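Please examine the chain shown below before reading on. The account that follows is meant to be read beside it.

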Amino acid sequence: MSQKDSFIQEMQSRYSYKNDKIVLGKAKFDGEIVEEAEIAIALKTMNRHGLIGGATGTGKTKSLQIIAEQLSLKGVPTLLMDIKGDLSGIGAATNASDKNAVDRMSALNLPFDPQASPVELLSISGEPGVRLRATVEDFGPILFSKILELNETQESIISIIFKYCEDKKLPLIDLEDIRRVLQYVTDSAVGKEELNSNYGTIAPASLGAILRKIVGLEQQGASKFFGEPSFDVQDLLKIEDGKGIVNIIRLVDIQNQPNLFSTFMLSLLNKIYSEFREAGDSDKPKLVIFIDEAHLIFKEATKALLSQIETMVKLIRSKGVGLYFVTQVPGDVPDAVLSQLGLKIQHALRGFTAKDRKEITKAIENYPTTTYYKADEVITQLGIGEAFVTALDEKGIPTPLAYTYMRAPNSRMDVLTNEEINSIVSNSSLVKKYDQNIDRQTANEILSQELEQQKNIEKPVSRTTSSRSAPREQDWTDNKMVRDVSRTATRKLIDWGMKILMNVLKGKK
C-alpha cells in the first residue's frame, strides 16, 4: 500500500462517524486536495470545547463563521463574541457568483449553497441590538467580590451587606444601590447600629476601599450593564424554522473596557452554568459559544475572569455547552484552558522571531504526532483558508492531524450594512422584550427615604419669630415679692380666724 493510500484509509476511518457531523473541508497530501479524505467534526463532541488559531489574515474568523453556520443548519444555536465587528455578515447570504467561493467549493467537490443564518444582534453597551443586563443580586456576593477583585476581608463584608439587604428587603439592582447601602451603614447612626448589633462591626476603612473599587468599575462603563430587566439566558436557545439562532454580541466599543467585559463574561458563564439543566450524553450540543480575538480578553482580563473561565471550561460541558476560543497563537490561552480543548483548528503561524518559533513549537506539541507532514515546517506555509485540524471522535479519542483545505462560508464574508442591521433590530422580538426600563423601589430609593425621615426626627424644634415677639401673659405668682406678701397675709388671716373660734368656744362654756 502506498503512503497516499495509507493516508486516505486513516483519514476515512478516523473522520467517519455514525452520527451527525459538520464538514470542514478535505485533507491535503503532498500539496494536493484528496477528494476521498473528508475532514469533519462529530456533532456530539462540539461541547468538548476548542481553539481556532492563526496569524492575522489567515482565515480563522472565516473558520468560526463556517462552524457557526453549519451548527445553525443542524439546529444548534450559537453565541458569537464579535470583538472586531466583522461577524455580522453571517446574517446575509454570500454572492452566488463569488469566484473565490465558487472555485473553492468546486475544488472540494462540495455543493455550494449560499444562504443566510437567522441572526440576533445583542449589545452590552450602546450598539444596536438586544440590551444585555444583569442585576447586582444576579451575581451574588461571591461573584460580585470577584469582579471587584476584593481581598478575603472585603469579600466577607460584601457577604454581610448582601445578607443585610436580604433581611431588610432592599433590592440590589444597580451599582448605585450597593453604593447607597455601603454609605448608609457607614454614615447613618441607625444603619451603623443595625449592622453592628446584628451582623458585627465593620471597619470604615474596608468599606471605603470597597466603595473606591465600585467607583472604578463605574468609570469602566459598567453602569450600563447593571439594571433591569435581567437577561434570560434561555433566550439564547431559540430555533427558527429548524435553524439555530446565531446570537452575535457586538463588542467593538468595549475593547478598552476590560472590567466591563470581565463583568459581562462572569455573569454570562455563571448564569448559563447555574440555569441550564444537565444535558448528559446527547447527540448535539445545546449551545456553542465562540470568543473571537480571545487574546485581547486573556491579556486584559481580571484574575477573577481567568479563574472563572478555567472553572467553566471544566464544568460547563455537562450542561451541553461548548466554548471555542479564536486567537492568534495557542500561547494566548492559559495552559489550564488549553489542556481541556478537544477541537483544534490551527491556521498559519509566522516564525519571524525567536518568540514566534517558540510559539510554533508549543503549538506543534499540542497536536498528535504524524508521519505524513513535517508539522513545524508546514504550519508556516499554510495558505489562506488552510489549517491543521485535529478533533475528538465519538469515543473521545483525538483524530489524526489533517492538513485541511477549508470550505467556503455560505454566508457573506463581509459585514452587514447599517440598513440590514436596523432591519434585524426592528424585527426582533427580543429587542422589544429587553428595551424597557423597570422602575421599582430599590435599595437606593428606600434608604434615601429612611435618611430623610431620620433627619426630620433629629431636627430640633425652634420657636418662630412671631412667638418671640409676642411673649406670653405672665402669671402674677411668678413675682417673688407678691408670693411673699401673699404668704404673710394668709398666716395673719388664719391667726385671726383661730382667735375668733376660741372666743366663741369660751362663751358657750
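The paragraphs below move from the overall fold to the sheet, then to a helix and a cavity, and finally to individual loop residues.

The model is a predicted one. Its chain contains 19 helices and 14 strands. Of the 509 residues, 48% count as buried. Among contacts between residues at least 6 apart in sequence, 76% join residues at least 24 apart.

In general, the strands of a sheet pair through backbone hydrogen bonds, in either a parallel or an antiparallel sense. Here, 12 strands form an open sheet with mixed pairing, in the order E2-E1-E14-E13-E12-E3-E11-E10-E4-E9-E5-E6. Its edges are strand E2 (32-42) and strand E6 (130-131), each of which pairs on one side only.

Strands E1 and E2 run antiparallel and are joined by seven bridges. Phe29 has Glu32 in E2 as its bridge partner. Two residues separate the strands of this hairpin, and Asp30 takes a positive phi near 55 degrees there. E1 is also joined to E14, again in the antiparallel sense, by three bridges. Gly25 has Met406 in E14 as its bridge partner.

Further along the sheet order, E12 takes part in both kinds of pairing. Strand E12 (residues 343-346) runs parallel to strand E3 (residues 50-53), with four bridges joining them. Ile52 stands opposite Ile345 of E12, and Gly53 has Gln346 of E12 as its bridge partner. With strand E13 (residues 386-390), E12 pairs in the antiparallel sense over three bridges. In that pairing Lys344 stands opposite Thr390 of E13. Which way do the side chains of E12 point, and are they buried or exposed? Leu343 and Ile345 point one way, Lys344 and Gln346 point the other way, and all are buried.

Ala55 touches Lys60, Gln328, Ala348, Leu349 and Arg350, leaving aside residues up to four places away in sequence. Although Ala55 and Gln346 are 291 residues apart in sequence, their C-alpha atoms are 9.3 Å apart in space.

Helix H9 (residues 258-275) lies across strand E4 (78-82), strand E9 (246-250), strand E10 (287-291) and strand E11 (321-327), and runs at about 170 degrees to E4. H9 also contributes four residues to the lining of the largest cavity, the largest share. The model has three cavities of 30 Å³ or more, and the largest has a volume of about 110 Å³. The largest cavity is lined by 14 residues, and those closest to its centre are Leu132, Phe231, Phe264, Ser267 and Leu268. By class, its lining comprises 11 nonpolar, one polar and two charged residues.

Another loop residue is Asn410, between strand E14 (402-406) and helix H15 (418-426). Asn410 counts as buried because its relative accessibility is 4%. Its contacts, leaving aside residues up to four places away in sequence, include Glu69, Gln70, Leu73, Phe112 and Asp113.

Some backbone details remain. Most residues other than glycine have a negative phi, and most peptide bonds are trans. The peptide bond from Glu228 to Pro229, by contrast, is cis, with omega near 0 degrees. Pro229 lies in the loop between helix H8 (204-219) and strand E7 (239-240). Asn109 has a positive phi, near 55 degrees. It lies between helix H3 (99-108) and strand E5 (119-123), and counts as partly exposed at 49% relative accessibility. Asp241 likewise has a positive phi, near 50 degrees. Asp241 lies in the loop between E7 and strand E8 (243-244), and is exposed, with a relative accessible area of 76%.

Note on methods: Residues numbered from 1 in each chain as written. Predicted model: local features only at pLDDT ≥ 70, side-chain atom pairs only at ≥ 80, totals over all residues. Heavy atoms only, no water. Pairing = 2+ DSSP bridges. Contact = heavy atoms within 4.5 Å. Axes fitted to C-alpha atoms, helices over the stretch in contact; angles between N-to-C directions. 1 Å grid on protein atoms, 1.4 Å probe; cavity = no way out; pocket = protein on both sides within 12 Å on 5 of 7 lines; lining within 4 Å. Points joined across faces, edges and corners; volume = space filled by probe spheres on them. Nonpolar A, V, L, I, M, F, W, Y, C, P; charged D, E, K, R; others polar. Buried < 20%, exposed > 50% of the residue type's maximum accessible area, 1.4 Å probe, protein only.
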